[in-house]
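This report is for a reader who meets the structure for the first time. Please look at the sequence and the model before reading on.

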Amino acid sequence: MEQVSPLYPDYEPFSIPVGGNITIAGVRNGKGPPLLLLHGFPQNHLIWHKVAPKLIKNFTLIIPDLRGYGSSSKPTAKDTNDHSLYSKSIMATDMVSLMHSLNYPKYYICAHDRGARLAHKLCIDHPDKVEKCILLDICPTKAMYTASQHPFALLYWHWFFLTQAAPFPEDVIGAAPAVFARKMLPSKSFCDETAYAAYAAQLEDAETVHGMCEDYRASAKEDIEEQKADEAAGRKIRCPLRVLWGTEGVVGKLFDARAEWRRVCVEGALDEERSLAVEGGHFIPEERPEDVVRCVLDFFR
């Protein structure tokens, strides 16, 4: 078991097999109903370190690394054209198995970025597992790729870089991980030095970089196919959903987030009145933790 980060003092580490030779690692702490916190790219479970201390009196927090990130497993497919090991349906199953192993049959979810894409699919495929869900700074994957035009491609260039065939993006990042870290990581003006160092270290690890790329490759192929199938079958989010996005991020600038999420929810599931923009950019859990805490305490009750 790896040492717990000083950003999570007194948290219990875990490393739990979830099937298919995959182990999900993370930390947990708190009292109350279970709340699953899911991180995004290019980070790991440390992204919640500003949020978690304000929630442990109200919730039992389960804070994992996604497959491909942090200390969790990083599988590699034999067929380089097959990215299904990182499809959001499979990654959602990781979390369902994790929570089952921890004896939590139903739970709240708050998720950012890639974790929010996983959470979207978890809500669709496992509606009986989710009490309520908060998604941070995303619109549905299919909607974002479908809307890809000049401004989007410039701002989210990494969506098209990381999806290139292996090992091109892996080799480029591996040749200059510090340069890529400076481009992609949160600003040091609000990102803790310990967290920043941990995120940057991931980009020096070849297995993690490959896992990150596979996560994006799956979104450009398997995840879009899954969302098309869900749309055709009329499968939508049924649990109560609230969405926050940054005023200065791509979602805030280029998308009508309420309209996009309304399309993939059953009538009445989306809390449209309190789904809103918060000041700042993409990395809401670290840049605007007080807004996340306020939303969780208000919505998950």
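The text below covers helix packing, a pocket and some backbone details. The model is a predicted one.

**Helix packing**

Two packed helices are described by the angle between their axes and the distance between the axes. The table gives these values for two pairs.

| Helix pair | Angle between axes | Distance between axes |
|---|---|---|
| H1 (residues 88-101) and H2 (residues 113-125) | about 80 degrees | 8 Å |
| H6 (residues 168-175) and H9 (residues 206-233) | about 140 degrees | 10 Å |

At about 80 degrees, H1 is roughly perpendicular to H2, because angles of 65 to 115 degrees count as such. On the H1 side, the contact is made by Lys-88, Ser-89, Met-91, Ala-92, Met-95 and Val-96. H2 contributes Arg-114, Arg-117, Leu-118, Lys-121, Leu-122 and Asp-125. By class, this contact of H1 with H2 has 6 nonpolar, 1 polar and 5 charged residues.

For the other pair, the angle is about 140 degrees, so H6 is oblique to H9. The crossing of H6 past H9 is right-handed. Pro-169, Glu-170 and Ile-173 of H6 meet Val-209, His-210, Cys-213 and Arg-217 of H9. The residues of this contact divide into 4 nonpolar, 1 polar and 2 charged.

**The largest pocket**

The volume of the largest pocket is about 500 Å³. Its lining has 23 residues, and the closest to the pocket centre are Leu-155, Lys-183, Met-184, His-282 and Phe-283. Helix H7 (177-184) and helix H10 (250-254) each supply at least two residues of the lining. By class, the lining of the largest pocket holds 12 nonpolar, 5 polar and 6 charged residues.

**Backbone details**

Most residues other than glycine have a negative phi, and most peptide bonds are trans. Pro-167 is in the loop between helix H5 (158-161) and H6.

Asp-10 is a residue other than glycine with a positive phi, near 70 degrees. Asp-10 is placed in the segment before strand E1 (12-19).

Conventions:
Residues are numbered from 1 along each chain as its sequence is written. This is a predicted model: local features need pLDDT of at least 70, side-chain atom pairs count only at pLDDT 80 or more; totals for chains, interfaces and linings use all residues. Side-chain values use heavy atoms; hydrogens and water are left out. On a 1 Å grid over the protein atoms alone, a cavity is a set of points where a 1.4 Å probe fits but cannot get out, and a pocket is an open set with protein on both sides within 12 Å along at least five of seven lines; lining residues have an atom within 4 Å of a point. Grid points are joined across faces, edges and corners, and a volume is the space filled by probe spheres set on the points. Helices (H or I, at least four residues) and strands (E, at least two) are DSSP runs, numbered from the N terminus. Ala, Val, Leu, Ile, Met, Phe, Trp, Tyr, Cys and Pro count as nonpolar, Asp, Glu, Lys and Arg as charged, and the others, Gly among them, as polar. Axes are lines fitted to C-alpha atoms, for helices over the stretch in contact, and angles run from 0 to 180 degrees between N-to-C directions. Angles under 35 degrees count as roughly parallel, over 145 as roughly antiparallel, 65 to 115 as roughly perpendicular and the rest as oblique. A crossing is left-handed if the near helix is turned anticlockwise from the far one by less than a right angle, and right-handed if clockwise. Contact means heavy atoms within 4.5 Å.
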